[in-house]
Amino acid sequence: MIDAIASWMLQFGALNWLGETGASLVAVALVGITLFIFVAANAIVLVYVERKVSAFMQVRLGPMRVGPMGTLQTVADALKLLVKEDIIPQFADKVLFRVGPWVILISAFVAFAAIPFSPTWVPADMSIGLFYVLSVSSVVVIGIVMSGWASNNKWSLYGAMRSAAQIVSYEIPVGLSLLAAVAVVGTLNLQELIQAQAGVGNLFHWIPIPVPNWFIFNNPFLFIAAFVYLIAATAEVNRTPFDIPEAESELVAGFMTEFSGIRWALFFLSEYANAAVVALLTAIVFLGGWQSPFPDIQGARIGMSVLAVLAIIWTFYVKVKANRLSIYPLAVTVVLAVLAWLFPAFAQWLANPGLLWIAIKGGTIIFMLMWFRWTFPRLRVDQLMYVSWKVLLPLAMINLAGVAIWMWLTGAINLVG
Amino acid sequence: MHALSSYLILSALLFSLGLYTVITRKNAVAILMGIELILNAANVNFIAFSKFVTHHVEGHLMAVFIIMLAAAEAAVALAIILNLYNDHGNINVDEANALKR
Amino acid sequence: MGEVIFWVIWALVAVSAMVVAFSKNLVYSVFSLLATFIGVAGIYIFLNADFLAVTQIVIYVGGILVLLVFGIMLTNRIVVAKITQSSLQRTTGLVVVGAIFLVLVLTLLNQTWPLATSAAEFDSTVNNIGELLFGDYLILFEVASVLLLGALIGAATLARKEL
């Protein structure tokens, strides 16, 4: 990708003075800036969405005043945070207090370098992409401990210690559940991982229900592994119900207690960047990444029709059960299905792989993370450790062994390599 | 590209600094940090030689095993250090001259 | 450009390792180790060891460094954000270690290494490492896993309050 942009820039005579090195430097800078804008916009949009989602789940309106439907609320909040006074507590460790938030943000940010957004749009196509994303995410914990320590506040330190214990424990189920998918495909390269999930096949290879060839449908163990990964990853990014590091009812705000203004905004940026990385990684490893769920035009038409029928059933169910008419899913799917039958070009567009699909899948996962957050109560510290070491870890190990046995029984070989 | 010696000098520097940490520090955790520096120096050497001399990934395997040993060693050493703290109230190795108090 | 980045990383490793060795503040020492480990991972990338660079970050930064930080926080009565540490025999140590460093550098500069003749770079090391690990080095791999299990049980037993 970097090379492609660099050679594309060198085609223009006006940019020839850059030379090979200069062009690739500029390309790296361009990609980096684009990703950073994406991370910032991601946080701003997700904070708004989170506030709206939580409001609707609690039958409130949420932000309504700034801009239409309150859409500019988070922009205003961000501006407020940027111009706030920069406070460093008197007895804090000044150096570590300044460095800590940046360590967290950078480690959350560089994970995007390996994420493929579309068949061509991947900042760095590495042979060890999946392992790389996992490894740089594990640096976050050092930044958290650094910030908590530097604050010189016991709540901050408690939050940091809890966070360190939590992230270190949950890394293991995360790694093992992803390893189950890697065992099926035989590569760590995220692009090859996605390419191996093209097309449509039977559910678990032998149940005659046509589903996309995503790894979550590849075999029963990967189906469980996807959920193990999602739960463990939720804990790894410190989101509710696993947010004991910043449990506001016990620890004020955990490791971010003493932070305000721009540094606090950095924590927010990295929190939502981490959530986005988890969502994208779930989409890539288990849900086919940028692959379309439909194989071709006919598949797109039939698939959309099935979705529309499901939406009709859902509407009736809600009407009977809750006596409430939820019209939006019905309207959207029916319109899309009709469009797909009327215009082959639209159906073809739906069947094409691309940015659209990974955005939809990632968005769904992020919505699920928010749903968790506003539904489940927070776990206690000992319950948290119990879930990690006595539930998720054995489950992930059984999954890994199960995938191996499944592949041996069905005679499947690695899809790649 | 860079010569082999640039890697080896870095490795020698890491080794010396690690050794200095190990022999002068009183705090047991600091000594552990020195040991990690020494192990890193060894790893840099292994990988540099595997690229420039043998041109085979067997050196990488040695480094993998060293990293694995470092993890095991850090875990056990920290457990011992915690016991030392419980018994003596500090972890200065020059004061830890009795097995139990 | 690669040359510049290499020397920046080289300097990062050297300086941060010096902070680890010489800093009076234990907390600076341990967080400076973060820069050393990441810098060494960068050096690995220049040596075409992509898998090891990532392993280094996962295990050293995500595991060992966290353990060290825990060790520091559990073994100090925390009053202020600074934990001073004292050293013994700094001058003697410096002289001895400086002499060792000089000998090492002089030796390795005067040595002619049998450099490999093939200029081919190995592309990705993951496949090779995996095949060796489960082929020629299988016994070593199994022994290492037993060792890790032993270390796990040993550490858990030792760290309990009553032995």
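Visitor: How many residues of domain 1 of chain C are in contact with domain 2 of chain C?

Guide: Four residues of domain 1 of chain C do that, and they meet four residues of domain 2 of chain C. Keep in mind that this is a predicted model. As for where the two parts lie, domain 1 of chain C covers 1–102 and domain 2 covers 124–163. Taken over C-alpha atoms, the centres of domain 1 and domain 2 of chain C are 24 Å apart. On the domain 1 side of that contact, the classes come out as two nonpolar residues, one polar and one charged.

Now let's step out from chain C to its partners. Two pairs of chains touch, and the pair with the most contacts is B and C. There, 60 residues of chain B are in contact with 68 residues of chain C. On the chain B side, α1, α2 and α3 (58–88) each give at least two residues, and α3(B) has the largest share, with 21 residues. By class, the side of chain B that touches chain C has 42 nonpolar, twelve polar and six charged residues.

From α2(B), the contact uses V29(B), L32(B), M33(B), E36(B) and I47(B). From α3(C), L52(C), I64(C), L68(C), G71(C) and I72(C) take part. Sorted by class, the residues of this contact of α2(B) with α3(C) are eight nonpolar, one polar and one charged.

Helix α2(B) also has a partner inside its own chain. Helix α1 of chain B (residues 4–24) packs with α2(B) at an angle of about 165°, and their axes are 7 Å apart. That angle makes α1(B) and α2(B) roughly antiparallel too, and their crossing is left-handed. The contact of α1(B) with α2(B) holds 19 nonpolar and six polar residues, with no charged ones.

On to chain A. Its contact with chain C takes 27 residues from chain A and 22 from chain C. The elements of chain A that give two or more residues to this side are α2 (19–57), α5 (129–137), α6 (140–150) and α7 (154–185). Of these, α6(A) has the largest share, six residues. The side of chain A that touches chain C divides into 20 nonpolar, five polar and two charged residues. Chain A and chain B are another story: no contact joins them, and their closest C-alpha atoms lie 13 Å apart.

Last stop, a bit of strand structure in chain A. Strand β1(A) (residues 200–203) and strand β2(A) (residues 207–212) pair in the antiparallel sense over four bridges. Within that pairing, N202(A) stands opposite P210(A) in β2(A). The hairpin of β1(A) and β2(A) has three residues between its strands, and F204(A) takes a positive phi near 50° there.

Conventions:
Residues are numbered from 1 along each chain as its sequence is written. Chains are lettered from A and ligands numbered from 1 in the order in which they are written. This is a predicted model: local features need pLDDT of at least 70, side-chain atom pairs count only at pLDDT 80 or more; totals for chains, interfaces and linings use all residues. Two residues are in contact if their C-beta atoms, placed from the backbone, lie within 7 Å. Ala, Val, Leu, Ile, Met, Phe, Trp, Tyr, Cys and Pro count as nonpolar, Asp, Glu, Lys and Arg as charged, and the others, Gly among them, as polar. Axes are lines fitted to C-alpha atoms, for helices over the stretch in contact, and angles run from 0 to 180 degrees between N-to-C directions. Angles under 35 degrees count as roughly parallel, over 145 as roughly antiparallel, 65 to 115 as roughly perpendicular and the rest as oblique. A crossing is left-handed if the near helix is turned anticlockwise from the far one by less than a right angle, and right-handed if clockwise. Domain bounds come from an automatic or database domain assignment. Two strands pair if DSSP finds at least two bridges between them.
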